[in-house]
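Here is a short note for someone opening this structure for the first time. Please read the points with the model in view.

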Amino acid sequence: MSFEKLLEQAKSGDKNAQEEIFRMYRPLLIKNAMEQNRFEEDLYQELSATLLNCIRKFRF
């Protein structure tokens with residue numbers, strides 16, 4: 001399935017599609033949640049919420 005189709009499904013509320021996109025971007029979220037070589041759980045949660053919010057608001 002193309003990323004565009006996956007994003008379209010995720011935007012329409014398909015939880016499986018949202019989870020798939022989240023899995024794709026998880027390594028990047030983890031990388032960006034590191035502060036001084038330490039994983040920051042709160043930052044990771046904020047980044048995760050931001051990703052899901054962006055999926056919902058994305059306009060084709």
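1. R38 is exposed, because its relative accessibility is 54% and exposed means over 50%. Keep in mind that this is a predicted model. R38 has a salt-bridge partner, E40. Their closest N and O atoms are 2.6 Å apart. E40 counts as partly exposed, at 23% relative accessibility.

2. How many salt bridges does the structure hold? There are three. Side chains of opposite charge can pair when their charged atoms come close.

3. Another of the salt bridges joins R23 and E20. The N to O distance is 3.1 Å. Both residues belong to helix α2, where they sit three residues apart, about one turn of the helix. E20 is partly exposed, with a relative accessible area of 31%.

4. K5 and E8 also form a salt bridge. Here the closest N and O atoms are 4.0 Å apart. The two residues are three apart in helix α1, so about one helical turn separates them. An α-helix has 3.6 residues a turn, so residues three or four places apart point the same way. K5 is partly exposed at 40% relative accessibility. E8 is partly exposed too, with a relative accessible area of 43%.

5. After α1 comes G13. Check its backbone: the phi of G13 is positive, near 105°.

6. I55 is worth a look from the α3 side. This residue lies in helix α3. Is I55 buried or exposed? I55 is buried, because its relative accessible area is 3% and buried means under 20%. Leaving aside neighbours within four places in sequence, I55 is in contact with L7, A10, K11 and I21.

7. One separation to note when turning the model: I55 and N37. They are 18 residues apart in sequence. In space, the C-alpha to C-alpha distance between I55 and N37 is 29 Å.

Technical notes
Residues numbered from 1 in each chain as written. Predicted model: local features only at pLDDT ≥ 70, side-chain atom pairs only at ≥ 80, totals over all residues. Heavy atoms only, no water. Helix = DSSP H or I, 4+ residues; strand = E, 2+ residues; numbered from the N terminus. Salt bridge = Lys/Arg side-chain N within 4 Å of Asp/Glu carboxyl O. Buried < 20%, exposed > 50% of the residue type's maximum accessible area, 1.4 Å probe, protein only. Contact = heavy atoms within 4.5 Å.
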